[in-house]
Amino acid sequence: MLALLLVGPSPAGAHTDLLQGSPGPGQRVGGEVDVIDLVFAEPVTEAAVTITGPDGEDIGGEMTAADGLIIRFSLDEPLTEPGDYQLDYEMISFDTDFTARGYNFTYDPSAPEPIRLGVEVEPEGTNWPMIIASVVLMAALAGLVFLFVKRTDAQRQQVGAGADDVTKSGDGEDAG
C-alpha cells in the first residue's frame, strides 16, 4: 500500500481538508478512470489538478469544476498504463490560504474501478443556487437603498416645511 505523500507544509487545523478522492490516496484502481473527483470539508476556489503518470509525463485533462466542495478533473483519455500516478492539487482554502498537497494512487487494469462518489458536478458558470441568491441579495439591497432615499427625502421635506412655519411665525411676531 502506498503512503500518503503531502506536498508543501503539513495541514493546519484551520485549513480545508480533503475528505475523499476518487481515486483516493493510496488506492489501487482499475477499469475506466477518466475523471478525478476530490471532495473537501469546506468550499475551495481556484483549484488546479495535475497528474503525473508512471513514466513521469503529465496526464492531460481539464478542470470541469474548480470551486465548491468538489473539484473535478476530467482526463483527456482514460488511464491505460499500469503503475503509480502522482496527483497534485492546489487551491484557495475556505480561510483564504493557498494550499498545495498531493497523493499517489496505483492504476492496475485488473483492479476494480474506483468507487464513484455519487455526486454530480455542474460545469463552472452554472451554479444556479448561487446565481439566484445573488439576484435576491441585489434586489434586497436595491430595496433598502430605495427606502433610505425616500426616508431622507421625506425628512428633508419635513425640515423644509418646519423652516417655512418658523419664518411665517417669525413674520407674525414682528408685525405685532
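## Stop 1

Select Ile 36. Leaving out residues up to four places away in sequence, Ile 36 touches Ser 22, Pro 23, Ile 51, Ile 71, Arg 72, Phe 73, Leu 87 and Phe 105. Contact here means heavy atoms within 4.5 Å.

Before going on, note the ground rules. This is a predicted model, in which local features need pLDDT of at least 70 and side-chain atom pairs count only at pLDDT 80 or more, while totals for chains, interfaces and linings use all residues. Residues are numbered from 1 along each chain as its sequence is written, and side-chain values use heavy atoms, with hydrogens and water left out.

Buried means under 20% relative accessible area, exposed means over 50%, and partly exposed is in between (1.4 Å probe, protein chains only).

In soluble globular proteins, nonpolar side chains tend to be buried together.

## Stop 1: the whole chain

Zoom out and colour by secondary structure. Along the sequence the pattern reads β-β-β-β-β-β-β-β-α. Helices (H or I, at least four residues) and strands (E, at least two) are DSSP runs, numbered from the N terminus.

Of the 176 residues in the protein chain, 27% are buried. Take the contacts with a separation of 6 or more: residues 24 or more positions apart account for 66% of them. The chain exposes about 11200 Å², and carbon and sulfur atoms supply 59% of that area. Areas come from the Shrake-Rupley method with a 1.4 Å probe; for residues, only the protein chains shown count as cover.

## Stop 2: Val 33

Select Val 33, in the loop between β2 and β3. Is Val 33 buried or exposed? Val 33 is buried, at 1% relative accessible area. Leaving aside neighbours within four places in sequence, its contacts are Pro 23, Leu 75, Pro 78, Leu 79, Tyr 107 and Pro 114. Draw a C-alpha to C-alpha distance from Val 33 to Leu 75: the two are 8.2 Å apart in space and 42 residues apart in sequence.

## Stop 3: backbone details

Move to Pro 23, in the loop between β1 (18-22) and β2 (28-29). A cis peptide bond joins Ser 22 and Pro 23, with omega at about -5°.

Next, pick Glu 46 in strand β3 (residues 35-52). Glu 46 is not a glycine, yet its phi is positive, about 50°. Glu 46 is exposed, with 63% relative accessible area.

Then go to Thr 96, in the loop between β7 (83-92) and β8 (98-107). Thr 96 also is not a glycine, and has a positive phi of about 70°. Its relative accessible area is 62%, so Thr 96 is exposed.

## Stop 4: salt bridges

How many salt bridges does a search of the whole structure find? Three. The criterion is a side-chain nitrogen of Lys or Arg within 4 Å of a carboxyl oxygen of Asp or Glu.

- Arg 72 and Asp 37: the N to O distance is 2.5 Å. Arg 72 lies in strand β6 and Asp 37 in strand β3, so the pair ties together parts 35 residues apart in sequence. Both residues are buried.
- Asp 108 and Arg 28: the closest N and O atoms are 2.8 Å apart. Asp 108 is in the loop between β8 and α1 and Arg 28 is in strand β2, 80 residues apart. Arg 28 is partly exposed, at 48% relative accessibility.
- Arg 156 and Asp 153: the closest N and O atoms are 3.8 Å apart. The two are three residues apart in helix α1, so about one helical turn separates them. Arg 156 is exposed at 59%, and Asp 153 is partly exposed at 35%.

## Stop 5: the helix patch

Finish with Leu 137, Met 138, Leu 141, Leu 144, Phe 146 and Leu 147. Together they make a nonpolar surface patch of about 660 Å². Patches are made of residues with over 30% relative accessible area and no salt bridge; like charges are joined within 9 Å, nonpolar side chains (Val, Leu, Ile, Met, Phe, Trp, Tyr) within 5 Å. Leu 144 is in helix α1 (residues 128-175). With 56% relative accessibility, Leu 144 counts as exposed.
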